[in-house]
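Here is a briefing on one protein model. Look over the sequence and the fold, then read the points below.

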Amino acid sequence: MHDVAPELIGATLLVDGVGGVIVEVEAYDREDPASHGFRGETPRNAAMFGPPGHAYVYRSYGIHWCLNLVCDIAGRAEAALIRALEPTHGLDAMRARRGVDAERALCSGPGKLCQALAITRAHDGCALDEPPFELRARTETPRIATGPRIGITRATDRAWRYVLDGSPFASQPLLSRRSRP
């Protein structure tokens, strides 16, 4: 999972041709008390225990959908939460879905991203390499900054948030950070 999560930075994620470049992700594994898989499999998180390369979609705070890419082969519930995209494809569709014009506001957070790409629970368990999804590998190695994850109350000290260094499309700036090529 910690190999996959940073590799997603710079990749392109599209849903029915709408999306952009992934600029921020967070890593979660079954040994992590902040992970949905920490207490075992349930109907809500079953996709997280499924095959790698599939979507785990859940509702956060009963309001926003959030998209994770399942990373683990052995059913250990490892996933990367897709937190932010730089919008590059289907901006008019994203603006209509989000009701905002500013590109920065379209996909700068996991709930915003899912609203802009029209991701719902119906996408839970879908393969990310089959329609409606398209996941394109990055073409160059970006500079990645790491820091603590956002919006959790457990395991807050882990630097498992990966951000395209300097991206204005990240959900929030990194308060403490480390950079790596």
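**Briefing: helices, strands and charged pairs**

Helices (H or I, at least four residues) and strands (E, at least two) are DSSP runs, numbered from the N terminus. This is a predicted model: local features need pLDDT of at least 70, side-chain atom pairs count only at pLDDT 80 or more, and totals for chains, interfaces and linings use all residues. Residues are numbered from 1 along each chain as its sequence is written, and side-chain values use heavy atoms, with hydrogens and water left out.

**Overall make-up**

- The protein has three helices and nine strands.
- Read from the N terminus, the order of elements is α-β-β-β-β-β-α-α-β-β-β-β.
- Of the 181 residues in the protein, 51% are buried. Buried means under 20% relative accessible area, exposed means over 50%, and partly exposed is in between (1.4 Å probe, protein chains only).

**Helices H2 and H3**

- Helix H2 spans residues 91–98 and helix H3 spans residues 110–117. They pack at an angle of about 115°, and their axes are 7 Å apart.
- Axes are lines fitted to C-alpha atoms, for helices over the stretch in contact; angles run from 0 to 180 degrees between N-to-C directions.
- H2 and H3 therefore count as roughly perpendicular to each other. The classes are roughly parallel under 35 degrees, roughly antiparallel over 145, roughly perpendicular from 65 to 115, and oblique for the rest.
- The H2 and H3 crossing is right-handed. A crossing is right-handed if the near helix is turned clockwise from the far one by less than a right angle, and left-handed if anticlockwise.
- Six of the eight residues of H3 are buried, so the helix is mostly covered. The buried residues in H3 are Pro110, Gly111, Leu113, Cys114, Ala116 and Leu117.
- Leu91 belongs to helix H2. Its relative accessibility is 18%, so Leu91 counts as buried.
- Leu91 and Val18 are 73 residues apart along the chain, yet their C-alpha atoms are separated by 7.4 Å.

- Strand E1 covers residues 12–15 and is covered on both faces. Thr12 and Leu14 are buried on one side, Leu13 and Val15 on the other.
- In a regular strand the side chains alternate between the two faces of the sheet.
- E1 runs antiparallel to strand E6 (residues 133–136), and four bridges join them. Two strands pair if DSSP finds at least two bridges between them.
- Thr12 sits opposite Arg136 of E6.

**Strands E4 and E5**

- Strand E4 (residues 64–70) pairs with E5 in the antiparallel sense, over three bridges.
- Leu69 has Ala80 in E5 as its bridge partner.
- Strand E5 (residues 79–89) has eight of its 11 residues buried, so it is largely enclosed by the rest of the structure.

**Salt bridges**

- The whole structure holds eight salt bridges. A salt bridge is a side-chain nitrogen of Lys or Arg within 4 Å of a carboxyl oxygen of Asp or Glu.
- Glu134 and Arg136 meet through their side chains in a salt bridge, at 2.7 Å from N to O. Glu134 is partly exposed at 35% relative accessibility, and Arg136 is partly exposed at 35%.
- Asp124 bridges to Arg121, with the closest N and O atoms 3.7 Å apart. Asp124 is partly exposed at 21% relative accessibility, and Arg121 is partly exposed at 30%.
- Glu103 and Arg95 form a salt bridge at 3.9 Å, N to O. Glu103 is partly exposed at 34% relative accessibility, and Arg95 is partly exposed at 24%.
- A network of salt bridges links Glu24, Glu26 and Arg83.

**Cysteines**

- The disulfide count is zero. A disulfide is a pair of cysteine sulfur atoms within 2.5 Å.
- Cys71 is buried, at 11% relative accessible area.
- Cys126 is partly exposed, at 23% relative accessible area.
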